[in-house]
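Please read it alongside the sequence and the 3D view.

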Amino acid sequence: MKIGKVRAAFLVALVLAGTAGCASGGGSTATTSAPAPTSTASMPVESSSAVASAAAITVKDFAYGDPITVSPGATVMVTNMDTAEHTVTADQGSAFDVEVKGSGGTATLTAPSKPGTYAFHCTYHPNMHGTLTVK
Ligand SMILES: [Cu+2]
């Protein structure tokens, strides 16, 4: 029959096409995607001077709390829980002097690099006294 012949031819064509497709698709396609260069993320570099252990002064009820001892050059976090503003000011010289806003305000002071005992006070409230020991 005429129709049968056409069908057969069509099927053969399909098979041939399929084979051709397989042959061409099996080739080894070398993926030459180079790996992305690992970016050397520059880390924030701390100052090379000895990063001393963290210390903190919490000002509350117009008092500095217990005397604290820190390493030379240490960063001291000062937190002010009073509503009034305070300062942490070295009695002698200008070893340190920071202002700390009230109601949870914070400031950081850098401890002197020279070991010793540093008395400090509040500029606004001269009756406030504290002691910072560096060793
Ligand atoms: Cu004060």
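In this predicted model, an open sheet is built from 5 strands, ordered S2-S8-S7-S4-S5, with mixed pairing. S2 and S5 are the edge strands, and each has a single partner strand, so one side of each lacks a neighbour in the sheet. From one strand to the next, the twist averages 25°.

**Pairing of S2 and S8**
- S2 and S8 run parallel and are joined by 3 bridges.
- Val70 lies opposite Val134 of S8.

**Nonpolar core**
- The largest nonpolar core contains 23 residues, and Val70 and Leu132 have the most contacts inside it.
- At least two residues of this core come from each of the strands S1 (55-59), S2 (68-70), S3 (75-80), S4 (86-90), S5 (97-100), S6 (105-110), S7 (116-121) and S8 (129-134).
- S1 provides the largest share of the core, with 3 residues.
- Beyond its neighbours within four places in sequence, Val70 is in contact with Ala55, Val76, Ala111, Leu132, Thr133, Val134 and Lys135.

**Val100**
- Val100 belongs to strand S5.
- Val100 counts as buried because its relative accessibility is 0%, against a cut-off of under 20%.
- Thr79 is 21 residues from Val100 along the chain, and the C-alpha atoms of these two residues are 7.1 Å apart.
- Once neighbours within four places in sequence are set aside, the contacts of Val100 are Val78, Thr79, Asn80, Glu85, His86, Gly105, Thr106 and Ala107.

Methods: Residues numbered from 1 in each chain as written. Predicted model: local features only at pLDDT ≥ 70, side-chain atom pairs only at ≥ 80, totals over all residues. Heavy atoms only, no water. Core = buried A, V, L, I, M, F, W, Y, C linked by side-chain atoms within 4.5 Å. Buried < 20%, exposed > 50% of the residue type's maximum accessible area, 1.4 Å probe, protein only. Helix = DSSP H or I, 4+ residues; strand = E, 2+ residues; numbered from the N terminus. Contact = heavy atoms within 4.5 Å. Pairing = 2+ DSSP bridges. Axes fitted to C-alpha atoms, helices over the stretch in contact; angles between N-to-C directions.
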